[in-house]
Amino acid sequence: MKLLRDTWLVFQRQVLIMIRTPVWIAVGILQPLCYLLLFAPLLKSALATSGAHSYADAYRIYVPGLLSALALMGGLFTGFALLGELRAGIVERSRVTPVSRVALLLGRALREVVALLIQALLVTLLALPFGLTVRPLYLLLAFLLLGLTALMASSVSYGLALLVGGDAALGPVVNTIAQPLALLSGTLLPLALAPHWLRTAADWNPCYWAVEGMRALFAGDAGAPAVWRALALMAGLTALAVAWSARLFARRIR
Amino acid sequence: MIVTQGLRKSFATRGGRGTPVDAVRGIDLTVGPGEIFGVLGPNGAGKTTTLRMLATLVRPDGGEAVVAGADLRAEPATVRRRIGYVAQGGGTADAVTAREELVLQARMYGIGKAEAVARAGEAMEAFGLGEFGDRPCGTYSGGQRRRVDLALGVIHRPRLLFLDEPTVGLDPPSRAQVWEQIRRLRADGMTVLVSTHYLEEADGLCDRIGIVDHGRVVAEGTPEQLKKEIAGDAVGLVLRPGDRPRAEEVLRPLEWVSGVETAGGDGADDGNEGDGQPPELRLYVDDAPSALPQLLRVLQAAGVDPVLVQLRRPSLDDVFLARTGRPLDQD
């Protein structure tokens with residue numbers, strides 16, 4: 001109960017800060033829009049071999065990947081915000097109170113999840129005029145998957161931020177992790193185009209399964225094994241990531 | 001209110017290699033209820049680490065402490081509920097207002113929403129935040145920010161408040177205001193532990209002080225007691241460049257001179273002024289008025305002609321100098 005209350009407190013506060021910082025919101029909206037409007041049109045011809053014969057087909061393949069990438073990258077880079085708050089003494093001010101340590105982590109991560117889901121909703125809505133179609137129930141499942149991805153990625157990022165401790169070091173570390181994860185999950189181009197060895201490598205990347213699950217949901221194929229596999233994998237990984245990060249938080253930020 | 005014994009903490013150097021740095025080597029302090037206690041020491045003496053340990057932010061490596069009636073190591077959660085802590089840099093977010101911060105802080109202490117809003121209103125009044133407290137914190141001056149930090153630190157009405165360098169970087173009027181607020185808190189029955197490297201702050205604000213150097217308490221008492229312990233008076237000699245070695249040579253052996261130290265200036269005897277004050281050779285004697293003529297005779301015989309001779313009552317700087325062999329305000 002206390003955990004819920006405290007998480008809600010921290011979450012509210014983080015949302016308030018986000019609303020008061022319009023630059024974040026502007027960047028958060030502009031970035032995915034650029035991908036959607038400036039990159040996606042190339043895809044009709046590029047994805048022809050994957051069975052994209054119309055813009056609608058291209059967007060059906062591309063949008064779920066873009067959303068997954070947003071959740072993954074957006075989440076992985078939130079550690080910087082935590083470092084800023086640590087430097088400003090804001091975290092320390094919470095630490096002297098009896099507020100739950102896990103709530104300090106969860107409240108922040110959930111703000112990130114909500115922000116990313118709003119971005120994702122925006123992208124989805126804007127893709128509709130281009131012919132993207134998706135059933136509301138499947139979209140809900142897709143967003144659950146996205147939310148889990150974002151929660152996992154931000155927890156990992158907070159953990160890394162605590163371990164690494166500085167902006168200068170966190171950048172390269174996050175990039176080193178994010179780049180292969182994103183490339184090996186076929187976020188931008190489906191890995192069906194990839195040579196065999198690359199696909200074998202991707203099989204071992206949980207994010208690949210998350211993207212495959214997203215694509216299946218957008219393709220209207222909720223029964224595909226990729227969907228339940230993705231949900232199960234991400235749920236498990238998210239639980240692990242939150243547990244790991246919360247433990248670090250509790251230990252470093254007593 | 002606080003009793004510590006042999007509190008220590010060392011930090012691993014980056015990467016965990018190399019020898020750990022002993023930040024605090026053994027702090028023994030006793031702070032009584034209702035007093036303003038000052039931890040005085042130079043930068044890097046271990047003041048902040050000491051405060052952070054007592055405020056449950058850093059786990060001590062060794063030693064014992066009872067803080068606000070609870071054992072620091074065994075019951076940190078109880079300690080946490082009973083104390084307030086204000087870090088040196090404060091900790092407000094630029095985008096939110098003081099009132100919002102106050103409500104949040106109260107709620108983090110488990111206070112209900114209505115009560116938290118009421119307390120934030122009271123605190124706004126008590127700390128004079130009314131004029132600016134509904135604007136974002138990012139727009140405040142240093143003094144305004146500090147008042148907000150203080151209000152945040154006591155929103156849950158703790159018995160004991162820790163303030164880490166509460167007036168660092170403030171202009172004199174703001175500093176006076178902060179002192180006034182701290183005295184008001186004591187009048188309300190709160191015990192306040194302040195760390196500082198300002199002599200005037202230790203002398204003027206604190207009821208009792210502990211002088212800390214290299215992670216140890218080298219003296220503890222009221223400012224008056226500590227100054228009295230410096231036997232006799234201090235005499236400051238400003239000398240011509242180059243005269244100092246000769247002067248020290250003839251003065252040190254004298255029986256009636258109990259100490260010879262260098263203070264002020266930039267430490268180097270090059271005639272350049274480090275901090276606007278000429279370097280000074282400081283002597284401690286039992287009775288300055290009778291010692292002065294003798295002193296001048298000795299110096300003259302040695303061919304040293306002082307530029308300036310000043311008599312001074314011992315200050316806390318002299319106490320620090322006497323206990324550590326170094327002046328405090330060298331940074």
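Predicted model: local features only at pLDDT ≥ 70, side-chain atom pairs only at ≥ 80, totals over all residues.
Residues are numbered from 1 along each chain as its sequence is written, and chains are lettered from A in the order in which they are written. Local features need pLDDT of at least 70, side-chain atom pairs count only at pLDDT 80 or more, and totals for chains, interfaces and linings use all residues.

**Exercise 1.** Work out how the axes of α4(A) and α7(A) are arranged.

*Solution.* Take helix α4 (residues 55-76) and helix α7 (residues 101-127) of chain A. Helices are DSSP runs (H or I, at least four residues), numbered from the N terminus. Their axes come within 10 Å and cross at roughly 160°. Axes are lines fitted to C-alpha atoms over the stretch in contact, and angles run from 0 to 180 degrees between N-to-C directions. Angles over 145 degrees count as roughly antiparallel. Therefore α4(A) and α7(A) are roughly antiparallel to each other.

**Exercise 2.** Find residues that join α4(A) to α7(A), and sort the contact by class.

*Solution.* Contact means C-beta atoms, placed from the backbone, within 7 Å. On α4(A), the residues include Tyr59(A), Leu66(A) and Gly74(A). On α7(A), Glu112(A), Leu116(A) and Gln119(A) are among them. The classes are ten nonpolar, four polar and one charged. Ala, Val, Leu, Ile, Met, Phe, Trp, Tyr, Cys and Pro count as nonpolar, Asp, Glu, Lys and Arg as charged, and the others, Gly among them, as polar.

**Exercise 3.** Describe the side of chain A that touches chain B.

*Solution.* Chain A gives 18 residues to the contact and chain B gives 20 residues. On chain A, α1 (2-19) and α6 (90-95) each supply at least two residues. The largest share, five residues, comes from α6(A). By class, this side has eight nonpolar, four polar and six charged residues.

Terms used
Parallel < 35°, antiparallel > 145°, perpendicular 65-115°, else oblique. Contact = placed C-beta atoms within 7 Å.
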